[in-house]
Amino acid sequence: MSMTAPFDKDLIRRYEGPGPRYTSYPTAVQFTEEFTRDDYRALCERSNTAEPRKPLAAYVHVPFCASLCYYCACSKIVTRHPEKVRAYLERLHREIEMQSGLLESGRPLRQLHFGGGTPTYLSAQQMAQLMRALESSFGFAAPSEREFSIEIDPRTLGPNCLPTLREQGFDRVSFGVQDLDPRVQAAINRLQPVEMTLAAIEGARSAGFGALSLDLIYGLPHQSVASFSRTLDQIIAARPERLAVYNYAHLPNLFRAQRLIDAADLPDAEEKLEIFAETVRRLSAAGYVYIGLDHFALPDDALVLAQRDRSLQRNFQGYSTHAECDLLGLGLTAIGKMADGYSQNAKALADYYAAIDAGHLPIARGLRLSRDDRIRRAVIQALMCHATLPYADIEARFDIDFADYFARELAGLEPLAADGLVGLGNQEIRVTDSGRFFLRPIAMVFDTYLKDGSTAGRFSKAV
C-alpha cells in the first residue's frame, strides 16, 4: 500500500466520528452475559469436529505493572507485591488445564502472544513454568511454522531477560515506547530514556529475535509536530521491522488513569492531525509500507507478505499473519474466538479467582455468531486486511448474491465513492490509496449493529 496519497484534512474531519476498530465482528460491545460456559463448550466441540480442524492460537494476559502509565486503557494491576503474581499464576495454570481438557490433541499452538499489563513483570522461572504448561497442554508447532510474540516494557529488562525469552521460544517482541520526548514522558508517568529504548532494540537483535515492533502514540500531552518528528528521527534510525502508531483516545470517564492527564496539555485536533500526517510522510519516505489503520512494516516483513497473499487477518491483537487459527483467551479479561463464537473472561480479579477456585472456566460473557454475523465478519475482515473485496469470494462462501444481499450497504458506500475513498465495480469493492486511511468508516457501513448510531462514548475516533 502506497502512502503517497493526498492527506485530505477535510475528509478526515468529515469521517472522524467514533467507530469500532474491528478487531472482531461483532465487536465486544455486543458480547452478552447470556453466553455461558456451556455455550463455550459447545463451540469447542464444533471446533474439534470441524474439517479440517484448525490449529490453535493463544493470547495470555499478564495484567501486572510496577507503575501506572496515565494514558493506559488496558486491563492492569499496579502492584509491587510478588504474592499477588503467584496467586494469579496459580489460577492461570489451572485455566490452561481446563481449556486443554476441552480440545482434541494434535492441534498445535501456532501463534502465541503475551500481552499486558507487563508480561516481563514475570520472573524467568515463572515464564518458563508458564511456557512448559502451554506446551504440555496444547503442543507447540515447529519453530518454522509458528509465531510467538511478547509485549515488553524496556524499563523492566534485566541483563539476561531477552536471551532467556528467546531460549523459551519467543521469536518476536514488541517494545512499548510511546514517545521519546522527556516532557511527554513525564506527563504520562513513563520515564524511559532514549538510551534504554535503543539498548532494548540492540539487545533483541543480539538475542536473535526475527522481527521487532515498536509502539508509538500520538495525541499525548505536550506533543507537537516538531517534538514527535524528533522521536521519529531516532525510531527510523533504529529501523524496527514494524511500527504501530496509535491515536491516543482521551476517555477519562472510562479509564480512571487518564484523569491524571491535564486535558489542557493535549494537542488540539489540528495539531494532532498534523502529527499523524507528518508520521505517514516520514515513514513512507523511509520505505515503510502502510498495512492499515496504525500499522506500518518494512517491505519484506511477514505482515506485508501476508497482505500480498491475502492471508493477513485482524484479531484482538491487531494485524497478524495466521488467519486459520482458533484463538484461546487465557487470563483476566482475555478474549477468545472458537468456531463461530467469541468468549471473554471475567474482568474483575475476584470473579476470575472465584470461577477457577470452583472448578469452572472464568468465562463471563460472549457471543455465538448468526449467519448474518459470519457473512458481515468476512466482508469487514477482507476490507480491513486486503482493501479489495471480490463479490465472488463472498458469494461462493455463503451462497448469496452479493449485490442483492448488500444493496443497502452498496448504496451507503456511494458517498464514500464520491469522495474517492472506494471504487464500486460490478465485481468488487476496492479501497483506494486515500481510502486506506478510512478503513473504519468504510467497514462501519457493513456493521448492522450501528444502525441506531449509538457510537458516542463507546469507541475512539474512526480516523
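R310 sits in the loop between helix 10 (302-308) and strand 11 (313-315). Its phi is positive, about 65 degrees, although R310 is not a glycine. The model is a predicted one.

How accessible is R310? Its relative accessibility is 36%. Buried means under 20% and exposed means over 50%, so at 36% R310 counts as partly exposed.

T333 also belongs in this report. T333 has a positive phi of about 65 degrees, and T333 is not a glycine. Where does T333 lie? T333 is found in the loop between strand 13 (326-330) and strand 14 (335-338). Is T333 buried or exposed? Its relative accessible area is 15%, so T333 is buried.

Now to the peptide bonds.

| Bond | Type | Omega |
|---|---|---|
| Y25 and P26 | cis peptide bond | about -10 degrees |
| E51 and P52 | cis peptide bond | about -5 degrees |

Where does P26 sit? P26 has its place in the loop between helix 1 (9-15) and helix 2 (37-49). The cis bond there joins P26 to Y25.

P52 lies in the loop between helix 2 and strand 1 (56-62). A cis bond joins P52 to E51.

To recap, R310 is partly exposed at 36%, whereas T333 is buried at 15%.

Conventions
Residues are numbered from 1 along each chain as its sequence is written. This is a predicted model: local features need pLDDT of at least 70, side-chain atom pairs count only at pLDDT 80 or more; totals for chains, interfaces and linings use all residues. Side-chain values use heavy atoms; hydrogens and water are left out. Helices (H or I, at least four residues) and strands (E, at least two) are DSSP runs, numbered from the N terminus. Buried means under 20% relative accessible area, exposed over 50%, partly exposed in between (1.4 Å probe, protein chains only).
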